[in-house]
Amino acid sequence: MKTADLCDHYSSLGVCENIFLNFGKKKRFNGPIHTVKVFEDNVLVKEALQTVPSGAVLVVDGGGSNRCALMGDRLATIAVERNLAGVIINGCIRDSAEINEMDLGVRALGTCPVKSKKEGKGKRDITVSFAGVHWKPGWYAYADEDGIVLSDKPLTLD
């Protein structure tokens, strides 16, 4: 489903600010939101990638840091193997050339070659706020080339 069509059909969507770059082969993806809130530490990101259900969209609030990457090719491979719909990161990724060859949709602020800390600090499955919207666990994210929209329920275009 195109986000433009969803915006035309539904008036109550959350529309994310256009701050993300597209990575991965999947330019369009959607699914239920699961969240992680971390800062320059990706232990909980890996844990979430290993445990959220297939078809989920993992939303990572990394505080907008561009000093390290919260996901690289190894973690992206987990997302592909577990058939996640996509990953949205308020932070950076690395290994972007490899991720761009993967059957995965990724949105991130940019890239950084530096790996993150491994302390396990952060929170999971809480509402996080960035890019002008509230990302609530159990809500639905719809992403395509035009942007990202959020809904409190699954959407259809009849």
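Gly72, leaving aside its neighbours within four places in sequence, is in contact (heavy atoms within 4.5 Å) with Arg94, Asp95 and Ile99. Gly72 sits in the loop between S5 and H3, where strands (E, at least two residues) and helices (H or I, at least four) are DSSP runs numbered from the N terminus. The model is a predicted one, in which local features need pLDDT of at least 70 and side-chain atom pairs count only at pLDDT 80 or more, while totals for chains, interfaces and linings use all residues. Residues are numbered from 1 along each chain as its sequence is written, and side-chain values use heavy atoms, with hydrogens and water left out.

**Annotated site**

- The UniProt annotation "binding site", from an unreviewed entry, covers Gly72, Asp73, Arg74, Leu75 and Arg94; such annotations may be inferred rather than shown by experiment.
- These residues span 23 residues in sequence, yet no two of their C-alpha atoms are more than 10.3 Å apart, so they gather at one spot.
- Gly72 is buried, with a relative accessible area of 11%, on a scale where buried means under 20%, exposed over 50% and partly exposed in between (1.4 Å probe, protein chains only).
- Leu75, found in helix H3, is also buried, at 8%, and touches Asn42, Val45, Lys46, Leu49 and Leu70 when residues up to four places away in sequence are not counted.

**Largest pocket**

- About 340 Å³ of space lies in the largest pocket, a pocket being an open set of points on a 1 Å grid where a 1.4 Å probe fits, with protein on both sides within 12 Å along at least five of seven lines.
- Its lining (residues with an atom within 4 Å of a point) has 15 residues, of which Asn42, Arg74, Leu75, Arg94 and Lys118 lie nearest the centre.
- Helix H2 (43-51), strand S5 (69-71) and helix H3 (73-81) are the elements that give two or more residues to this lining.
- The annotated residues Gly72, Asp73, Arg74, Leu75 and Arg94 are included in the lining.

**Salt bridges**

- The structure holds five salt bridges, each a side-chain nitrogen of Lys or Arg within 4 Å of a carboxyl oxygen of Asp or Glu.
- Lys37 in strand S3 and Asp61 in strand S4 are 24 residues apart, and their side chains meet at 3.3 Å, N to O; Lys37 is partly exposed at 39%, whereas Asp61 is buried at 3%.
- Glu40 forms a salt bridge with Arg67, the closest N and O atoms being 2.6 Å apart; Glu40 is buried at 11%, whereas Arg67 is exposed at 54%.

Key
Grid points are joined across faces, edges and corners, and a volume is the space filled by probe spheres set on the points.
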